Amino acid sequence: MIKTAKESGFCHGVRAAVYKADAQRGEGVYLFGDLVNNQHVMNGYRRRGFNIVQDADDVEPGGTVIIRAHGVPRAVYDALARKTAEIVDCTCPKVKSIHEIVSEKSTAGHHVIIIGKNGHPEVVGIFGWCEAGTATVAEKESDLAGVLRDSAPLCVVAQTTCKKAWWERAVALIKSKRPDAEIFDTLCGVTAARISRAVEMAKESDVMVVVGDKKSANSLELYEACRAENANVLFVESLEELLNVKEFPDTGAAIGLAGSASAPADIIDEIHGFLLFSNFLAQAKSEIEEASDKYLQEIIKSAKGKPFVEEALISLYEQNQNGKRIRGALIKLGAAVSTAANTADMHDNPHTRHEAGYLPVAVAYEIFQTAILIHDDIIDKSPKRRGRATIHSAEADAHFGNSRAICIGDYGLFLANKILAESGLPPETLVKVLRLFSQIQLTTLEGEIMDVSLPYYPIDIAADYEKFTYTVNCIFEYKTAWYTLAGPIMLGAVCGGGDEKLITLLRDITMPLGIAFQIKDDLLGIYAGEEVLGKPALSDIFEKKQTLLYGYAYKHATPQQRERLNKSYGNPRATSEDLETVREIFTATGAKAHAEEEIRRLSQASLDLVNTMEKKHQTILHGLVHYLITRKF
């Protein structure tokens, strides 16, 4: 179960600041300091060409200057006025009101005490609206000692994100010494309410994930408040950081998610969707493995007394183990999305109910996948698959090993069709499922024919790069996108009674994502290790796998780099040194960066289509996209 605090993300003040800043063009526009205390947001402004300055002297005359949400000292406005700069003031209204209070009181002779963190941008701004020598910042009790002995009238304000406990303690101490002090409670009530609700969620969760910038005061306070109630709190700034923590939440855990007032909604949504789909996949995987193991064990029993057949089916059973079950899970997801009665609670718990007919279809599909992988391993001469020896490589006689593996793979293909025929689906639905399944099988084999043939009818990449990329993209579309993503989710939608419009939309969402999935797979094939891949890290190099990654590198390589590539890539006796050579060239030519940009572009195309769907379906499908493009397996 994944739950997100409704108050997560930008507060009103930050949201308004970002809205005003986003309306400006980056060129010739200055941000005075960090608009918000979040580096993800600030890096976005840097990429768009905004100039980030800390001093008015760095602003060109006549420039446009955006004042940060935390506010700035009065002297900054004066300096910018002398520059005839256009000012877009994004100071939070709550902070602006504090500036007015302290300006008025310090001018009238009061000494201002600012309860907050010394050096914090908001506190620096407040301090700068006080007359010289009339303000003190207090972040601990000792900071109050001297000023409380002063005879001047006192004015007390708080940094809006000051810890409530410290504010209350400081106010009590001030009142005990100076009951005449004027106290202005300028704490942000939204921040307090956000923390209160997040703490309640932390109490009810196995794991709590807090999203925010490590340098943000409100983020730190949110984390510390949740940490006081739950030892299992992960404090992260992005999905990438969450994926890198060793204490990554167990997929069966009850997970709470809260974002600070300076955490962008897109990051919170990205993490929520990722966790939601991860949990969904784990539950689907468990269901599919239990059902497929039971089915295959029954098939093995039925083969007793048939010479050699029982052993062959045991090999099929073993090769079917340890799959990721993404395809089967997508069948379940397609069924859930297309069944209106099952989707009421998809935002937080999409697997509480699902179309029962999905399971035999998912089992059939996973066995179909295992069968074609057995054949694929012969084609690729792969010695390992899913962490175990491939069927063909386990025999001393190579011809016999290949022959036996082909037969076992064929058995799996025919068995998948039998499972579908006996699935118990309504006749009309079954006809649609069989028709679509046949199309997926044929399309996958068309892609395989292209993939097998290309190395033997090579295209001169340097001379005809466009033809090469077109051919490789066809392979990716036919062999990966259809077979891995589009086909399964469409099958599920058919099981759930989805109409043609929905089925077509699901296909259009998953086709670009399927190509991105394959590009990611090719990146992992070069840059990941055997422990991640479940097969030798040199497999793609041995095979001289024709990928967009390789094509781009070859096209943009220097003559010397091409010569080195020709020696290493495709060498059946390649070593770890060859692997490092290939990695170095792929990186130096920009091929790796180009592949990563293609993944981003294609996945964004999928996300744009997801956003046209009903809101209740968007989060889980966003999670699917982020899960596939951030995966490290």
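Visitor: In which hand does helix 8 pass helix 9?
Guide: This is a predicted model: local features need pLDDT of at least 70, side-chain atom pairs count only at pLDDT 80 or more, and totals for chains, interfaces and linings use all residues. Residues are numbered from 1 along each chain as its sequence is written, and side-chain values use heavy atoms, without hydrogens and water. Helices (H or I, at least four residues) and strands (E, at least two) are DSSP runs, numbered from the N terminus. A crossing is left-handed if the near helix is turned anticlockwise from the far one by less than a right angle, and right-handed if clockwise; that of helix 8 and helix 9 is right-handed.

Visitor: How many residues of the contact of helix 8 with helix 9 are nonpolar?
Guide: Contact means heavy atoms within 4.5 Å. Helix 8 brings residues including I195 and V199, and helix 9 brings L222 among them. Two residues of the contact are polar, two are charged, and the nonpolar ones (Ala, Val, Leu, Ile, Met, Phe, Trp, Tyr, Cys and Pro) number seven.

Visitor: Which residue of strand 4 is the bridge partner of V29?
Guide: Strands pair if DSSP finds at least two bridges between them. Strand 2 (residues 29–32) and strand 4 run parallel, joined by four bridges. In strand 4, V29 has as its partner T64.
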